[in-house]
Amino acid sequence: MTRLILASQSPARTKLLTDAGIRHEILVSDVDEDAVQARYGVTDPHDTALLLARAKAEAVASLPEADGALVIGCDSVFEFDGEAHGKPYTADVAKERMLRMSGSKGVLHTGHWLVDCRDTEGTDESQAAGSGATLGHVTSAEVHFMEMTPEEIDTYIATGEPLQCAGSFTIDGYGGAFIRKVDGDPHAVVGLSISTLRGLLGQAQVGITELWTSGAADPALLRAE
């Protein structure tokens, strides 16, 4: 059975995979993001997203628990006015950003990095040989924000939701009320593009249907709701 490990503790990412019926495990890396960026000196938001995704995937891939699995690492960076915005962590930073973002737009870059930890010779008939692949891709989407009042911003920040999100917003939570439209893959804005994952798996000679379970969200139920 093909194993996929998500190198992230993000509830949004694992929910995306679960709703898409993709069987996966979770193994969190202990990567120090600030140290990684300081080491490589990357400032471009697009490249930073890929660098951090790779660092997370490779950190988890080095663990014995990852033997025989494929590891996917992800990281998101929001680009606004030419600046890279990660998680704000504090209410003051989140408010300053959101006041500027109100009625404007930015680009959310989500880096994906896949490491194939399967034995390249194959262990037995039940385990396909690994590809030895270590490869990545960045999927970006332009996010357009509605006008937000200071009172709305304060109430949103008080929920705590934006403090741990790249760019100080989400599309799949309270923050969705302030997003007018998305040009690009909306899954990338949540934090993991399912179609990008499919492409990376394909390069590692794994079909995404090999990871499908019966646990995907039922389309009929979603329509009924």
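**Reading the aromatic rings**

Q: Is Tyr156 buried or exposed?
A: Tyr156 counts as buried, because its relative accessibility is 4%. Here buried means under 20% relative accessible area, exposed over 50% and partly exposed in between, with a 1.4 Å probe and protein chains only. This is a predicted model, in which local features need pLDDT of at least 70 and side-chain atom pairs pLDDT 80 or more, while totals for chains, interfaces and linings use all residues. Residues are numbered from 1 along each chain as its sequence is written, and side-chain values use heavy atoms, leaving out hydrogens and water.

Q: How many aromatic pairs does the structure hold?
A: A pair of aromatic rings is described by the distance of the centres and the angle of the planes. Rings of Phe, Tyr and Trp (its six-membered ring) pair if their centres lie within 6.5 Å; planes under 30 degrees apart are stacked, over 60 edge-to-face and the rest tilted. This structure has five such pairs. In one of them, the centres of Phe78 and Phe145 are 6.0 Å apart and the planes at 85°, so the pair is edge-to-face.

Q: Which parts does the pair of Phe78 and Phe145 tie together?
A: Helices (H or I, at least four residues) and strands (E, at least two) are DSSP runs, numbered from the N terminus. Phe78 belongs to strand β3 and Phe145 to strand β6 (residues 134-145), so the pair ties together parts 67 residues apart in sequence. Phe78 is buried at 0% relative accessibility, and Phe145 is buried at 4%.

Q: What kind of pair do Tyr156 and Phe178 form?
A: Tyr156 and Phe178 are edge-to-face, with 5.6 Å centre to centre and 65° between the planes. Phe178 is buried, at 12% relative accessibility.

Q: Which residues form one aromatic cluster?
A: Phe78, Phe80, Phe145 and Phe169 do.
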